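Please examine the sequence and the model shown here.

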Amino acid sequence: MKNCIVLLLLATLPTAAQKKADRKTLENLQTTVSTLNADSLQGRQTGTPGETRAAAWISAHMQQDGLQPKGDSGYFQCFVIKDAMQTAASALLRINDHPLAPNEQFYALPFSATKAAKGDVIPHVNEPNNIWLVDLSTQEIPADKILEHLHKQATEAIKTSATAVVFYNGNIPAAELEKWSHTTMKPLSIPVLWVTAPTAKQYMGEDADNLSVDLKVAFEHVRTHGTNVIGFIDNSAPQTVIVSAPYDGAPARKNDDKASATAALLELGRLLKASKLHNNNYLLVAVSGQEQGGLGSTWFDQHCTIAGNAVNYIVKLAPMGHADKGLRVQGCASANAFKQLLSDVTPNSLKVDVDSATLPQSNAPALAFSTPDDAAAPVNYNGTLDVVKMVYSLIEKANSQGKLAHP
């Protein structure tokens with residue numbers, strides 16, 4: 001009887017140890033997601049104090065897990081997300097004594113003079129020696145010619161002795177206005193402003209028959225940085241595996257599930273540091289600027305902190321908080337070994353769609369893991385755990401294969 005009990009205990013030890021390890025990983029995933037989604041981090045938008053605090057927390061986590069700093073300044077790698085002349089906070093536009101907010105309700109156009117103007121204006125009447133209010137709602141302007149068109153109209157207004165031009169009721173997306181701030185143009189001789197459509201509707205509506213306008217244009221140079229966070233596991237190996245994930249959030253979606261990708265990245269870092277998988281070094285990269293067109297990833301690709309020829313392969317983790325809805329793996333064709341490796345490590349618990357297309361702009365074998373986006377659903381931590389275990393198993397099986405061949 002005693003022998004049977006001993007045999008039973010021995011048989012259950014590995015399973016019990018695995019369940020304990022899984023509970024630890026689940027706990028860590030939940031802690032990271034809840035921390036990064038805290039109100040104090042304000043959505044982790046790139047270039048904000050919330051992003052700075054998130055980067056500091058991630059770097060502290062890497063240090064705690066024994067990862068070495070591998071950025072340009074400790075764990076941090078800074079990159080420029082904006083270098084532009086934008087409407088200054090001191091810029092002024094008052095309509096009937098209502099002050100409007102610069103960079104929210106009005107913008108100075110890049111060819112505006114830095115001057116002031118004041119006048120009582122009758123809408124739709126372009127008087128000499130007065131401010132012109134130009135309603136764009138009736139004008140057909142090609143989307144790619146808007147700024148050129150506004151410049152032409154302002155130039156014509158100068159010829160008729162206009163003292164300033166205020167354009168309004170134009171359907172210009174915020175991204176286009178942001179692009180204008182990066183545009184350098186020779187200033188005209190008068191101030192030229194743009195008023196957003198909601199503001200125009202509120203203060204310059206059709207029933208307005210006389211408007212008192214007071215304006216002053218000023219610009220300021222704005223240089224904003226984002227921060228990647230990079231940790232390194234040095235096994236004195238000849239090649240390095242890069243694992244990356246975004247950590248910044250969308251301004252309108254404070255509780256999006258990008259934090260699940262960061263959580264998976266940090267957990268893989270902890271597991272790899274504690275492992276005996278020493279045939280590769282590991283570079284863990286938490287990238288920012290994803291919401292700005294992947295600026296952080298692009299910067300890291302162009303300024304990788306290890307030699308490019310030392311990169312074995314790359315694993316890119318996208319948000320993975322909804323693995324219960326399926327997992328997509330891209331880049332399988334970028335290494336001869338990936339197809340078999342993925343077949344060996346894919347668990348029955350995941351519905352996996354493998355896309356063999358090679359990832360763009362990658363000079364090394366690269367795989368990208370992602371799950372469907374679902375802003376309304378909570379993070380599925382068990383599914384995220386399954387993806388973490390799958391990626392770890394892939395790295396484990398690739399450990400003995402040396403540098404993967406890149407077709």
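The sections below move from the whole chain to individual residues.

## Overall architecture

This is a predicted model. The chain contains 9 helices and 17 strands. Its radius of gyration is 28 Å, well over the 22 Å that the globule rule gives for 407 residues, so the chain is more spread out than a compact globule. Along the principal axes, the C-alpha atoms occupy a box of roughly 105 × 45 × 35 Å.

Of the 407 residues, 48% are buried. Among contacts with a separation of 6 or more, 84% are between residues 24 or more positions apart.

## Surface and charge

The accessible surface of the chain amounts to about 19,800 Å². Carbon and sulfur atoms contribute 51% of that surface.

Side chains of opposite charge can pair when their charged atoms come close.

Asp22 and Lys389 form a salt bridge through their side chains, with an N to O distance of 3.0 Å. This pair links distant parts of the chain, as Asp22 belongs to helix α1 (residues 2-36) and Lys389 to helix α9 (residues 381-398), 367 residues apart. Asp22 has a relative accessible area of 16% and is therefore buried, the cut-off being under 20%. Lys389, at 33% relative accessibility, counts as partly exposed.

A salt bridge also joins the side chains of Arg223 and Asp83, at 2.7 Å from N to O. Arg223 lies in strand β11 (residues 219-233) and Asp83 in strand β2 (residues 76-87), so the pair ties together parts that are 140 residues apart in sequence. Both partners are partly exposed: Arg223 has a relative accessibility of 48%, and Asp83 has one of 37%.

## A salt bridge within one helix

The side chains of Glu267 and Arg270 meet in a salt bridge with an N to O distance of 2.3 Å. Glu267 and Arg270 are separated by about one helical turn, because they are 3 residues apart in helix α6 (residues 258-274). Glu267 is buried, at 1% relative accessibility, whereas Arg270 is partly exposed, at 21%.

## Surroundings of Asp214

Asp214 is located in strand β10, which covers residues 211-216. With a relative accessibility of 15%, Asp214 counts as buried. When residues up to four places away in sequence are set aside, Asp214 touches Leu92, Leu93, Arg94, Ala117 and Lys118. Two of these contacts, Leu92 and Leu93, fall within strand β3 (92-95).

## Positive phi in two loops

Most residues other than glycine have a negative phi. Asn96 is not a glycine, yet it has a positive phi of about 50°. Asn96 is placed in the loop between β3 (92-95) and β4 (98-99). Its relative accessible area is 33%, so Asn96 is partly exposed.

Ser161 likewise has a positive phi, near 65°, in a residue other than glycine. Ser161 sits in the loop between α3 (146-159) and β8 (164-168). At a relative accessible area of 35%, Ser161 is partly exposed.

How values were computed
Residues numbered from 1 in each chain as written. Predicted model: local features only at pLDDT ≥ 70, side-chain atom pairs only at ≥ 80, totals over all residues. Heavy atoms only, no water. Helix = DSSP H or I, 4+ residues; strand = E, 2+ residues; numbered from the N terminus. Buried < 20%, exposed > 50% of the residue type's maximum accessible area, 1.4 Å probe, protein only. Contact = heavy atoms within 4.5 Å. Rg over C-alpha atoms; globule rule 2.2 N^0.38 Å. Areas by Shrake-Rupley, 256 points an atom, 1.4 Å probe, with all protein chains shown as cover. Salt bridge = Lys/Arg side-chain N within 4 Å of Asp/Glu carboxyl O.
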